[in-house]
Amino acid sequence: MNIIEIKDLKKIYNDSEIAVHALNGINLAFQQGEFAAIVGPSGSGKTTLLNILGGLDVPSEGSIQIDDINIGELSSRKLINFRLNNIGFVFQSYNLIPVLTAYENVEFIMSLQGYSKEKRKRRALELLEAVGLADRVNSRPSRLSGGQQQRVAVARALASRPKFILADEPTANLDSVSTENLLDIMEKLNLEEKITFIFSTHDQRVVKKAHRVVTLEDGKVISDESTQSP
Amino acid sequence: MIWIIAWKNIWRNKVRSLVVILAITFGLLGGVFSSAVMKGMAEQRMKEAVSRETAHIQIHNPKYIEDNEIKYTIDGESMKLAETLDTMPQVKAWSPRIKFLAMGNSANASTGVMVYGVIPEKEEAVSELWTMICDSCGTYLNGEKPNQIVIGEALARKLNLKLRSKVVLTFQDAQGNLSGAAFRVCGIYRTNNSVFDEMNVYVNKQEIAQLLAMDPAQSQEIALRLSDGETMDRVQQELAAGFPDLLVRNWKQIDPVTGMLADFLDVYLYMFMAIILLALGFGIINTMLMVILERTRELGMLTAIGMNKRRVFLMIMLESVYLSLTGAIAGMVLGYLLTIYTAWTGIDLSSLAEGFEKLGYPTMLYPYLDLNFFITLTAMVIGIGILASIYPARKALKLNPADAIRTD
């Protein structure tokens, strides 16, 4: 079953005198439980596609249906709420809140959703344990390594029980051990809990782990290969 | 949780936040203490005006106020008025006065004076002037000798008079004839108002009535001291209604400058504090703009993961209010402590005595502020914190999360 359907997606930037066609007619679909990597050279449109998928940018043409909701038609207010409840984000630079502990960072998104303190606590501790940080729950981001911070970011992304997780170059700032560790955790969550991950990446280590690799070039899909079904 | 995050956020850049907080602290300390000094000064002035100069309420024949002639007395109704005043529970004491202008002459000089013919025991219950005669400065009118006069220190200096000196008063009597008499200085008072001290002298009503060829039961003025100043307006209205032919005025109408001070001082102090807070508000805006600039990526991330605009606004507003309130509370506490200390020790401004006393202000100041001032000030600080957050928060709300996340 498709949870994401992208049809004839175009994104044209008109900021300068020359219009830039960042996405040039993308047609893609993602199913529940996919572990997919979007690859391509710089300027191929990976980040633009991820931004539009995450509701952070709007398409110039075409549509994105997530569970039958065309997110391009949502108002700004509804879109923020949609992101909160449906999409998890993992950023290249971790982007944790520095004044909060690992536990509080994970708990925070659930507080935005209005969960009770007790429910937030239970789930945040579960998730931190799942990413191997049960012993660092009270550490602030500045006391964690890059790999640990990114694992907290994954736990945070999972906390809101999203339909899928978008990860923009999640391993770009990590060393090989941390990358391997992070990928193992995400793959395990994907296999055991059927959580859908969509990455944009340059990192071949991520590509090797991905079950599906979508390659973009000049804003178009030039290949879409699956190594295993979700 | 946003409340906690906002509080933690203000301590991210400790030095910058402390600089703003200290600026607010010292701004408020200065503002609060200046207000306390002004308020204390005004309160003392008002208290002295009522207790020594005007009393709470004065009653006159309206024509006396227009012409200042002694023939315009309170007579026909005085008995009824006396009965009314004696039965009004709010009236603590009342004093009938003969009041007229005269020329005061000593061997060396002469000057115009306002003569009050008073019944000493009644006057002492209305005016505290008798307490302003120091131990070595004689006594108030005690009737031990005839033709006693109490004068102010400034007048004594001007006419070169001492205790037991002779002073001659010349004046017109009730028939318009020039009259006069010699009086002995039995007491010299000194208030904080040198102009008052130079102008007003007190003699026995019975004696001066004879010299003026007046009925001693007649008066030009009746001064009322109330048990509670808060009842002043009501008492004034009752008397004005009961005695429509008489002019009943409260001390604010008699001494409009001090009255205006009483009515507008609080407004003035709040305006003074508002100006200080406004200036500090620009400092807070500047700090919050820096905060938005520094945290662009984080704010983008928060919007991206689903923090709505209302919550982003609330977080920034809370940070601004916390900054303002932390500094303000510190400033108010320090200001309050300084006020308490100086209210206990007093502030000696005797080096500026001449100028102050001419304006009727004491040279020993006792700062004073009431609780309402601090409550209103706290509300104003919260208000300025909210106002100062609006522009930075609007900038934060305009951030595009996709661009903001990629900001270095």
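Q: What is the handedness of the crossing of H11(B) and H13(B)?
A: This is a predicted model. In it, helix H11 (residues 256-294) of chain B packs with helix H13 (residues 309-345) of chain B. The crossing of H11(B) and H13(B) is right-handed.

Q: Which residues of H13(B) are met by residues in H11(B), and how many residues of this contact are nonpolar?
A: H11(B) brings Ile284(B), Thr287(B), Met288(B), Val291(B) and Ile292(B) to the contact, and H13(B) brings Ile316(B), Glu319(B), Ser320(B), Leu323(B) and Ser324(B). Sorted by class, the contact of H11(B) with H13(B) has one charged residue, three polar ones and, as the count asked for, six nonpolar.

Q: Why is helix H12 of chain B described as largely enclosed by the rest of the structure?
A: Helix H12 of chain B covers residues 296-305. Among its buried residues are Leu299(B), Met301(B), Leu302(B) and Ile305(B).

Q: Which residue just after H12(B) takes a positive phi?
A: Just after H12(B), a phi of about 120 degrees is found at Gly306(B).

Q: Which cysteines form a disulfide, and what is its handedness?
A: The whole structure has one disulfide over all chains. Its sulfur atoms, 1.9 Å apart, belong to Cys134(B) and Cys137(B). The torsion about their S-S bond is about 60 degrees, so the disulfide of Cys134(B) and Cys137(B) is right-handed.

Q: Is Cys137(B) buried or exposed?
A: Buried means under 20% relative accessible area. Cys134(B), at 34%, is partly exposed. Cys137(B) has a relative accessibility of 19%, so Cys137(B) is buried.

Q: How far away from Cys186(B) is the nearest cysteine sulfur?
A: Cys186(B) is buried, at 12% relative accessible area. Cys186(B) is in no disulfide. The nearest cysteine sulfur belongs to Cys137(B), at 12 Å.

Q: Which residues of chain B are in contact with Glu104(A)?
A: Glu104(A) lies in helix H3 (residues 102-113) of chain A and is buried at 18% relative accessible area. Leaving aside neighbours within four places in sequence, Glu104(A) is in contact with Val99(A) and, from chain B, with Met1(B) and Lys8(B).

Conventions: Residues are numbered from 1 along each chain as its sequence is written. Chains are lettered from A and ligands numbered from 1 in the order in which they are written. This is a predicted model: local features need pLDDT of at least 70, side-chain atom pairs count only at pLDDT 80 or more; totals for chains, interfaces and linings use all residues. Side-chain values use heavy atoms; hydrogens and water are left out. A disulfide is a pair of cysteine sulfur atoms within 2.5 Å. Buried means under 20% relative accessible area, exposed over 50%, partly exposed in between (1.4 Å probe, protein chains only). Helices (H or I, at least four residues) and strands (E, at least two) are DSSP runs, numbered from the N terminus. Contact means heavy atoms within 4.5 Å. Axes are lines fitted to C-alpha atoms, for helices over the stretch in contact, and angles run from 0 to 180 degrees between N-to-C directions. A crossing is left-handed if the near helix is turned anticlockwise from the far one by less than a right angle, and right-handed if clockwise. Ala, Val, Leu, Ile, Met, Phe, Trp, Tyr, Cys and Pro count as nonpolar, Asp, Glu, Lys and Arg as charged, and the others, Gly among them, as polar.
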